[in-house]
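Work through the exercises below with the sequence and the 3D view open. Try each task before you read its solution.

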Amino acid sequence: MEQLLETEAAALSHYLVGDKPTKAIKILYREAVAARHDTRREKAFDVAVRHPTLLPYLDAYDAWFRPSSQLRQRLHLMFSILEATPEFAADFLPSKRSAWYMLILGLLGIRGILRLAVGGLIVKVWGL
Amino acid sequence: MPTFDYIVVGSGCSGAIAAQTLVEAGKRVAMLDVGEANPSSPSVVPDKDYVALRETDPEQYRYFIGEKASGVTINDTGKGAQITPTRSHMLRNVEDYIPLQSKTFAPIESLGYGGLGIGWGLQCWEFSREEIARVGMNVERTIAAYETVAKRIGISGTNDTACSFTLGELQSYQPSPDMDRNMQRIYRSYLRHKQSFDRAGICLGRTPLALLTTKAQPGRKTYAYRDMDFYDDNDKSGWRPWMTVDTLREKPNLTYISGFLATRFTERGPVATIHGIDTATKRPTAYRCKRLILATGALGSARIALRSFNTTQGGTLPFLCNPYTYVPCVQPALFGKGAEPRKIGFGQLSAFLGDEAQHEDRSILTLYSYQSLMLFRIIQQVPLDFADARPIMQYLSSGIVIAGIQHSDKPTPHKTLRLHKNIGNLTGDELQATYRLGNEEITGQRQRELRYLKGLRRTGLYPIKRIQTEHGASVHYAGTLPFSTTEKPYHTDPSGRLYGTRNVYVADSSPFRFLPARGLTFTLLANAHLTAENVLKHD
């Protein structure tokens, strides 16, 4: 179980901030999951962790259609833990950006919508 | 059975001030309280600003998200969403000790040491003379009591164009704290377009706060702009009731007893007895006194009165609660501006509809900068995958402002409380509440909200969506044992004495017959002081 949660933490952290979690973050994540007594394993979450390339698509789908899914809950948990960690503070604190950055954000928004569409297909085809 | 001259039940805002008035008059006072203690006392938060803590402290998760991320909940924008892990003790044991059932009302109650004042936003509004009269209090004495309380706790405010709405007639105040970047921009824009705002009937000014800004008090420093207002009271610049109780406990004439859950009172001759449960042993216990002062909040005092009178006077009580809407807004001009170490989490600017001055239904809007409550609390509102939502929100966050709109409330037959038996609960009962607004109330509130939001756009602040919290989830309850000049069951006489008793007084918001839109806390403190003075007069 411990190994499973560590693998899960690594996949979620890499997806959220593009980096591996520290040992301390893995422990925090493990303890937080244990405290929630959530032993179920939703199929979509299981698939997302075993195939991290699918994570963005399933996450985008769940953001619209299943905001309380296990995947969203675990991602939110890891998001909170990473945010409260000095190593990743720069990824969350407001940072100075030029107005042109809005263009990049626009592209991210479009990518998010495309991910949603692909996520919908994956959910339908795989029966998640 | 232990016997005291005066017993104050509760250590929240009203209990602290009532006890202070009695103790300073030289009386022997006992304060009875459940008093859930803060496990983070002394503070676990280092004395640095928010940005520095985020960048350097490896232990920050303890106060930002809590041990085992206990402060992280998904899709929760309701009850207590702004209560951080270091203040969560204020909610401990509430569901077990003072249960309340309702499909329409979800209040926040506290059994913590310092009551709801632990998480109070420090706003200190003086009611207008008309509002004081509608509440049922003596106008001149209340105005004088505001001064007394302001000198005790320290209030900051500004004599600006809105001061008739914000400070009223208050004389004793320090300057408001400096505005942060977001508020400076909004206020400058307001002043630039003031004529247009005047035509729209909207007036904007500084929010009065129970905050020391230029003049410290013994044991309390002036505000340090660390933006850690939701997490710690390290400098004690903002007043919280437990600070007053801590000071009183050093005096020989105050006895503080914790672990006591008050349930009901009885009277025999000149002696009042407060019955309750020892929360450690779960056994009944009681204390006697000459004068009993209930300061357990409008819902808490309602429970005690209903249990005490239930057999003789029946039991359905009215109650009031400020309906509340919050509106996340964005200030595009401040997107991508970087973190601001010198910032404030408290309300900084408040708006009023000036043409409503004489109306009984009113609303006020208060603006808060959003930084230290972090992205994880709002990220779920973005309908995108987390990986894309994070950089977007990171960019937008320097321009996020939260507008809170609070409405007045008056009694109707659709806002009621009853006590029902439930032997499964510690006290053998539970409070059941019904709270429904009438169509006219809903329409009026919506119209005022839209007027405000239209006005905000003129300052370059754009509302994203209106989020109506569950009734009771954010603020202020009152009106359960209303003031009355004629003797009636479950009513309070103008001195604060509960009708049907000789020596039982109510010092919290239970007697308020009306709940103005401006937060009630300052008036609650003034009323607690006046009630204690009335108790002394009756001796």
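**Exercise 1: a loop residue**

Gln331(B) counts as buried because its relative accessible area is 0%; buried means under 20% relative accessible area, exposed over 50%, partly exposed in between (1.4 Å probe, protein chains only). This is a predicted model: local features need pLDDT of at least 70, side-chain atom pairs count only at pLDDT 80 or more, and totals for chains, interfaces and linings use all residues. Residues are numbered from 1 along each chain as its sequence is written, chains are lettered from A and ligands numbered from 1 in the order in which they are written, and side-chain values use heavy atoms, with hydrogens and water left out.

Task: find where Gln331(B) sits and which residues it is in contact with.

Step 1. Find the place. Gln331(B) is in the loop between strand 13 (324-330) and strand 14 (349-353) of chain B. Helices (H or I, at least four residues) and strands (E, at least two) are DSSP runs, numbered from the N terminus.

Step 2. List the contacts, meaning heavy atoms within 4.5 Å. Leave aside neighbours within four places in sequence. Gln331(B) then touches Asn182(B), Arg185(B), Ile186(B), Gly399(B), Val401(B), Gly460(B) and Leu461(B).

**Exercise 2: buried or exposed?**

Task: decide whether His275(B) is buried or exposed, then do so for Leu121(A).

Step 1. Locate His275(B) in strand 9 (residues 271-278) of chain B. Its relative accessibility is 18%, so His275(B) counts as buried.

Step 2. Look around His275(B). Beyond its neighbours within four places in sequence, its contacts include Phe260(B), Phe265(B), Thr285(B) and Ala286(B).

Step 3. Turn to Leu121(A), in helix 7 (residues 101-126) of chain A. Leu121(A) counts as exposed because its relative accessibility is 55%.

Step 4. Leu121(A) and Ala24(A) are 97 residues apart along the chain, and their C-alpha atoms are separated by 36 Å.

**Exercise 3: a sheet in chain B**

Task: work out the strand order of the open four-stranded sheet in chain B.

Step 1. Strands of a sheet pair through backbone hydrogen bonds, either parallel or antiparallel. Here two strands pair if DSSP finds at least two bridges between them.

Step 2. Read the order: 3-18-17-11, with mixed pairing.

Step 3. Strand 3 (100-101) and strand 11 (316-318) of chain B each pair on one side only.

Step 4. Check one pair. Strand 17 (residues 415-421) and strand 18 (residues 429-435) of chain B run antiparallel, joined by seven bridges. Thr416(B) has Thr434(B) as its bridge partner in strand 18 of chain B.

**Exercise 4: where the chains meet**

Task: describe the interface of chain B and chain A.

Step 1. Count residues. On chain B, 43 residues are in contact with 47 residues of chain A.

Step 2. Give the area. About 3800 Å² is buried between the two chains, and carbon and sulfur atoms give 63% of this. Buried area is the accessible area (1.4 Å probe) that two parts lose on being put together, summed over both.

Step 3. Find the salt bridges. The rule gives three across this interface; a salt bridge is a side-chain nitrogen of Lys or Arg within 4 Å of a carboxyl oxygen of Asp or Glu. Asp388(B) pairs in this way with Arg115(A), with the closest N and O atoms 3.1 Å apart.

Step 4. Name the elements. Helix 2 (50-56), helix 3 (61-64) and helix 12 (386-396) of chain B each supply at least two residues of the side that touches chain A. Helix 12 of chain B gives the most, with eight residues.
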